Amino acid sequence: FFMNKDLPFFTIITPSFNSEKYISQSIQSVLRQSYKNYEYFIVDGGSTDKTNYIIKSFSNNIDYSISEKDSGMYDALNKGFKKAKGEIFCYINSDDILHPNTLAIVAEIFMKNKNYDLIYGDMNIIDQNGLYLYTHCYRNIFRNEFNCYTQALVGQPSAFWKSKVFKKLNNFDNSFKLASDYDFFAKLIIDEKIKYKYFPFSFSSFRVHNDTLSSKYKGINLLEVSKIRSRYQSSFII
């Protein structure tokens, strides 16, 4: 990887498992970024389709990849981030897209606002063919809103956080299969020492299709979100 110590250095991870349909587009969306001060890892859970063949076709431009059985997406991410050298972390799933120039915009924001620990923006929703459906617009969160909000307060593929925060909050909780990013952002919002800020840019596209984990296991996702909400509600003042 190329590293300029004067500029923010990113670690970007794509977790994958049997992702042959869309992973090529996801990888290309990272590799085509105009900002090059990053390392890119792909952590595969032992795919049995053509996923690893596709990953190998990009091997000259991927800084680290592995394919082995794991206990799910968050296990894969924790493994990857453990090896990371980045000052700023983000992850893009194997069916999502990082928009052109996103890293350049995010790097500039972090350079101008060195006290921020998390910055996040909006997220386009696309269909299985990559066609634009709508933009999910977020906004700056008030900490006590967590109690009355049932949806994610932060769009995961449009979120970028300092590596020191990830370590401080003890990585992703592997006990959750689908909602550990919701858990992570809840922990982050609770911590009053952590500074976060919303910016009105659409940084990524989230693909909606029948094979997404959240579509396949909607019931599990809802149960996990409910558990997380009850875990942290006492930390918020209404």
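I began with helix 3 and looked up what covers its buried residues; the cover includes strand 1, strand 2, strand 4, strand 8, helix 5 and helix 6. I note here that the model is predicted. Helix 3 spans residues 73-82. I found eight of its 10 residues buried, so helix 3 is largely enclosed by the rest of the structure. The buried ones are Met-73, Tyr-74, Asp-75, Ala-76, Leu-77, Asn-78, Gly-80 and Phe-81.

**Cores**

I then turned to the nonpolar cores. Which members of the largest core touch the most others? Among its 32 residues they are Phe-81, Tyr-120, Trp-161, Phe-172, Phe-184 and Leu-188. I listed the elements that each supply at least two residues of this core: strand 2, helix 3, strand 4 (88-91), strand 6 (118-126), strand 8, helix 5 (163-168), helix 6 (180-190) and strand 9. Helix 3 gives the largest share, five residues. I also recorded a second, separate core of 28 residues, which includes Leu-31, Ile-88, Phe-110 and Phe-203.

**Aromatic pairs**

I counted ring pairs next, and the total is 21 aromatic pairs. I checked burial for Phe-10 and Tyr-35 and found both buried.

Phe-160 and Phe-203 make another edge-to-face pair, with 5.6 Å from centre to centre and 85 degrees between the planes. I placed Phe-160 in strand 8 (residues 159-162) and Phe-203 in strand 9 (residues 196-207), so the pair ties together parts that are 43 residues apart in sequence. Phe-160 and Phe-203 are both buried.

I also traced a cluster linked by ring pairs, made up of Tyr-74, Phe-81, Phe-89, Tyr-91, Trp-161, Phe-166, Phe-172, Phe-184 and Phe-185.

**Strand 8**

Is strand 8 covered on one face or on both? I found both faces covered: Ala-159 and Trp-161 are buried on one side, and Phe-160 and Lys-162 are buried on the other. The background is that side chains in a regular strand alternate between the two faces of the sheet. I then looked up the partners of strand 8. Strand 4 runs antiparallel to strand 8 and is joined to it by two bridges; here Ile-88 has Lys-162 as its bridge partner. Strand 6 also pairs with strand 8 in the antiparallel sense, over three bridges, and Leu-118 stands opposite Trp-161.

**Helix 4**

In helix 4 I listed Thr-102, Leu-103, Val-106, Ala-107, Ile-109 and Phe-110 as buried. Looking down the axis of helix 4, I saw these buried residues fall within an arc of 160 degrees, so they line one face of the helix.

**Loop residues**

I looked up Gln-33, which sits in the loop between helix 1 and strand 2. Is Gln-33 buried or exposed? Its relative accessibility is 0%, so I counted Gln-33 as buried. A polar atom of the Gln-33 side chain lies 3.0 Å from the backbone oxygen of Ser-29. Setting aside neighbours within four places in sequence, I found Gln-33 in contact with Leu-98, His-99, Pro-100, Asn-101, Thr-102 and Leu-103.

Asn-101 needed its own entry. It is in the loop between strand 5 (97-98) and helix 4 (102-112). I noted a positive phi of about 70 degrees for Asn-101, although it is not a glycine. Asn-101 is partly exposed, at a relative accessible area of 39%.

I found a positive phi at Asn-171 too, about 60 degrees, and Asn-171 is not a glycine. Asn-171 lies in the loop between helix 5 and helix 6 and is partly exposed, with a relative accessible area of 26%.

My last entry is Arg-139, in the loop between strand 7 (132-136) and strand 8. Arg-139 has 39% relative accessibility and counts as partly exposed. I took the C-alpha to C-alpha distance from Arg-139 to Val-154: they are 8.6 Å apart in space and 15 residues apart in sequence.

Technical notes
Residues are numbered from 1 along each chain as its sequence is written. This is a predicted model: local features need pLDDT of at least 70, side-chain atom pairs count only at pLDDT 80 or more; totals for chains, interfaces and linings use all residues. Side-chain values use heavy atoms; hydrogens and water are left out. Rings of Phe, Tyr and Trp (its six-membered ring) pair if their centres lie within 6.5 Å; planes under 30 degrees apart count as stacked, over 60 as edge-to-face and the rest as tilted. Buried means under 20% relative accessible area, exposed over 50%, partly exposed in between (1.4 Å probe, protein chains only). Helices (H or I, at least four residues) and strands (E, at least two) are DSSP runs, numbered from the N terminus. A nonpolar core is a set of buried Ala, Val, Leu, Ile, Met, Phe, Trp, Tyr and Cys residues joined through side-chain atoms within 4.5 Å. Two strands pair if DSSP finds at least two bridges between them. Contact means heavy atoms within 4.5 Å. The arc is that of the directions from the helix axis to the C-beta atoms. A polar contact is a pair of N or O atoms within 3.5 Å; within protein, one must be able to donate a hydrogen and the other to accept it, and residues adjacent in sequence count only if both atoms are side-chain atoms.
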